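Try each task before reading its solution.

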Amino acid sequence: MRNTMPTVLVTGAAGGIGKAICQVFLEKGYRVIGVDCRKTAKLPYEVLHFDISRLSHADATCESFCRRVEEFTEGHLDVLVNNAAVQIVKPIREISAEDWDVTLATNLLAPFWLVQRFLPILRAAKGSVVNIASIHATVTKPEFALYATSKGALVALTRSLAIELAPDIRVNAIISAATDTPMLRAGFKENADGLQVLADYHPLGRVAQPEEVAQVALFLASSQASFITGAMMNVDGGVGACLHDPGNNQFT
């Protein structure tokens, strides 16, 4: 007999936001299936070890991974959360073709291939797709050309999928700003003051907690959001609304 619990597939499940997403869905009664290229310690949900950037190769490894997902979901998928991402920070002059390949394959193409592959079971479940985008999709800074481009394209893909897959499948994106994850803190390991400056730059005076992003993902996947599709939900502490005046260090 098929498991009747709703099922969610979460990519990037070993990261800070990914773990939080898996946890809130688990607490809500979902059967959680995570995907990550990193080996993980034992977690209270299944995590499949796979590098989703390989989905663009469409080889035997990818086919084996997709079959494993179908086995674990028992052919029933209610929610797909495309959370996995790579962030390569480089000046324009140093960006390589390989950098573009891995960034687009992970941040943009993998979400598309997963939707395409699992479209029949998502449609049968009247399911939902939540793409974790970024504030860099709309406003960015130097050396983020790779990441900003991929996240901007993910937002455009979200809108396109929402229109084409309606009314059977809802597709939305979360526009998140800086979030307190191990990856963020590692980037400021040698610059603790810089992390505080970043927090202070947000009108709410801090960066997001992973659970705050996860709760919005849960809401967008829920029946409470049943009339929401093609939406870009800002979870950015107000930073996306700011016009910063460097002259007096105030938001105006």
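**Exercise 1.** Which helices each supply at least two residues of the lining of the second largest pocket?

*Solution.* First, the ground rules. This is a predicted model, in which local features need pLDDT of at least 70 and side-chain atom pairs count only at pLDDT 80 or more, while totals for chains, interfaces and linings use all residues. Residues are numbered from 1 along each chain as its sequence is written, and side-chain values use heavy atoms, with hydrogens and water left out.

Step 1. A pocket is an open set of points on a 1 Å grid over the protein atoms alone, where a 1.4 Å probe fits, with protein on both sides within 12 Å along at least five of seven lines; lining residues have an atom within 4 Å of a point. Helices (H or I, at least four residues) and strands (E, at least two) are DSSP runs, numbered from the N terminus.

Step 2. List the lining: Leu 55, Ser 56, Ala 58, Asp 59, Cys 62, Glu 63, Cys 66, Trp 113, Gln 116 and Arg 117.

Step 3. Name the helices. They are H2 (60–73) and H3 (97–117).

Step 4. A volume is the space filled by probe spheres set on the points, and grid points are joined across faces, edges and corners.

**Exercise 2.** Describe the largest pocket.

*Solution.* Step 1. Its volume is about 1,400 Å³.

Step 1. Look at its centre. Of the 48 lining residues, Gln 87, Tyr 147, Thr 181, Met 183 and Leu 184 are the closest to it.

Step 2. Find the elements. H1 (16–27), E2 (31–36), H5 (145–165), H6 (182–187) and H7 (192–201) each supply at least two lining residues.

Step 3. Sort by class. The lining has 27 nonpolar, 16 polar and five charged residues. Ala, Val, Leu, Ile, Met, Phe, Trp, Tyr, Cys and Pro count as nonpolar; Asp, Glu, Lys and Arg count as charged; the others, Gly among them, are polar.

**Exercise 3.** At what angle do H1 and H8 pack?

*Solution.* Step 1. The angle between H1 and H8 (residues 210–221) is about 50 degrees, and their axes are 8 Å apart. Axes are lines fitted to C-alpha atoms, for helices over the stretch in contact, and angles run from 0 to 180 degrees between N-to-C directions.

Step 1. Classify the angle. H1 is therefore oblique to H8. Angles under 35 degrees count as roughly parallel, over 145 as roughly antiparallel, 65 to 115 as roughly perpendicular and the rest as oblique.

Step 2. Inspect the contact (heavy atoms within 4.5 Å). H1 residues in it include Gly 16, Ile 17 and Phe 25, and H8 residues include Pro 210, Val 213 and Ala 221. By class, this contact has eleven nonpolar, two polar and one charged residues.

**Exercise 4.** How do H3 and H5 pack?

*Solution.* Step 1. Their axes come within 10 Å and cross at roughly 15 degrees.

Step 1. H3 and H5 are therefore roughly parallel to each other.

Step 2. The H3 side of the contact includes Trp 100, Leu 104 and Phe 112, and the H5 side includes Tyr 147, Leu 154 and Leu 161.

**Exercise 5.** Which residues does a cis peptide bond join?

*Solution.* Step 1. The bond joins Ala 166 and Pro 167, with omega about 5 degrees.

Step 1. Pro 167 sits in the loop between H5 and E6 (170–176).
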